[in-house]
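Subject: Structure handover

Hello,

Here is the structure I promised to pass on. My notes follow below it.

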Amino acid sequence: PTENPVAKGGRIISFDYTPASDGDETKSFQVGKNAGMGASQIYLHWMDVETEKEIYGKNGLEEKLRAKNSLFSQNNVKVILSVNEIAETGNKMPKDLQGKALDDSEVIDRYKKAIDYVFEQLPNVEVDVVSLGNEVDSYLGGDNKKWEQYTNFVNEISRYIKEKKPATKIGVKSTFDGYTKKHTEELKELSNNLDVILVTYYPMTWGFAMKDPKVVREDFNTITSLYNGKEIYFAEAGYTSSSITKSSEEQQAEFIKQIFIAWDEHASQIKVINFLWLHDLSQETVDYLANAYGLSDNKF
């Protein structure tokens, strides 16, 4: 433990409880619960929710959502819900909407129906926050027109969800570098009418080598200063242990320790930290992610 720990208060530890190699998701969920998990992420692309025009929940999705509704509600675990119009480097709208502007009236109307469907499958859980995209800065890049369209979309959908679920917070996930270096102005404007700053955080170089874990405290100071007055959720936080990324299990453990030291220093502003992941991903998932980012680097 750290030398001067601060009381937990209303802070929440969350896990993306990826299953172990045996595929037993329930067992993995219990690992998270035993470590104090109070929330977990449900991560969806819009095109996987609505596989055909206004057809929802195919390919086993409805059964999976209902199972999570039961498991989470029985264990008093809140939901960090991500239903992505855009994510990483891709547009995640249904096929028949591809090519339309991000704030097209049909796009907005269809998304409302899709998010309604997802909420209907989760009647017994507390959805603490909804993210309307994932690492959106990676997709929007330097395209001012897309930033404007996406901001319009977010504002409209945020109002819609708040009318139905006033206690649910709304945010948009972007990378730490996006929030603090590359797209600070765009993300500040985007976040003006949102409840929380949702950040993904993996302290590494552009060559996928892990930074010294001691950068955590400086990084936490940076983002809390830039977004002073806003609640911050680290919607994803992670640190590899592989020697190929110039890391180790000892460094990974030190990263976790530094997270808690820095979190205690900003306990009033940082409300949630969601650790990714509890187990290594399958090769199939790794290949999918590499393709999504267009990267073949073995370190990635």
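One cut-off before the findings: a charge counts as sitting over a ring if NZ of Lys or CZ of Arg is within 6 Å of the ring centre and within 35 degrees of the ring normal. R11 meets this, with its charged end over the ring of W263, 5.0 Å from the centre. K188 does too: its charged end sits over the ring of Y227, 5.8 Å from the centre. Please keep in mind that this is a predicted model.

**The sheet**

Nine strands make up an open sheet, with parallel pairing. The order is β9-β8-β5-β2-β1-β13-β12-β11-β10. β9 (169–171) and β10 (173–175) are the edge strands. Each has a single partner strand, so one side of each is left without a neighbour in the sheet. On average, neighbouring strands are turned by 25 degrees against each other, direction ignored.

Three bridges join β10 to β11 (residues 196–201), and the two run parallel. Here S174 stands opposite V199 of β11.

Two helices that pack on the sheet deserve a look. Helix α3 (residues 61–74) touches β2 (37–45) and β5 (78–84). The direction of α3 makes about 170 degrees with that of β2. Helix α10 (residues 249–265) touches β1 (12–15), β11 and β13 (270–275). The direction of α10 makes about 170 degrees with that of β13.

**β13 and its partners**

β13 is mostly covered, with five of its six residues buried. β13 pairs with β1 in the parallel sense, over four bridges. In that pairing, S14 stands opposite N274 of β13. β12 also pairs with β13 in the parallel sense, again over four bridges. Y233 has V272 of β13 as its bridge partner.

**β8 and its partners**

How many residues of strand β8 (residues 127–131) are buried? Five of the five, so β8 is largely enclosed by the rest of the structure. β5 and β8 pair in the parallel sense over four bridges. The bridge partner of S82 in β8 is S131. On the β9 side, three bridges join β8 to β9, and these strands run parallel.

**Aromatic pairs**

There are 19 aromatic pairs in the structure. One of them is Y150 with F153, a stacked pair at 6.0 Å centre to centre, with 20 degrees between the planes. Both residues lie in helix α6 (residues 144–164). Y150 and F153 are three residues apart, about one turn of the helix. Both are buried.

Y201 and F234 also pair, but edge-to-face: 5.7 Å centre to centre and 75 degrees between the planes. This pair links distant parts of the chain. Y201 is in strand β11 and F234 in strand β12 (residues 231–237), 33 residues apart. Both Y201 and F234 are buried.

Y201 and F234 also belong to a cluster linked by ring pairs. The cluster holds F176, Y201, F220, F234, Y239 and F255.

**Nonpolar cores**

Which residues have the most contacts inside the largest nonpolar core? They are L81, L132 and Y150, in a core of 72 residues. Helix α4 (residues 105–120) gives the most to this core, with eight residues. V272 is the residue already listed as the bridge partner of Y233.

**An exposed position**

Is E185 buried or exposed? E185 is exposed: its relative accessible area is 58%, and the cut-off for exposed is over 50%. E185 is found in helix α8 (residues 184–191). The C-alpha atoms of E185 and V49 are separated by 31 Å. Along the chain, these two residues are 136 residues apart.

Best wishes

Technical notes. Residues numbered from 1 in each chain as written. Predicted model: local features only at pLDDT ≥ 70, side-chain atom pairs only at ≥ 80, totals over all residues. Heavy atoms only, no water. Pairing = 2+ DSSP bridges. Axes fitted to C-alpha atoms, helices over the stretch in contact; angles between N-to-C directions. Contact = heavy atoms within 4.5 Å. Phe/Tyr/Trp six-rings, centres within 6.5 Å; stacked < 30°, edge-to-face > 60°. Buried < 20%, exposed > 50% of the residue type's maximum accessible area, 1.4 Å probe, protein only. Core = buried A, V, L, I, M, F, W, Y, C linked by side-chain atoms within 4.5 Å.
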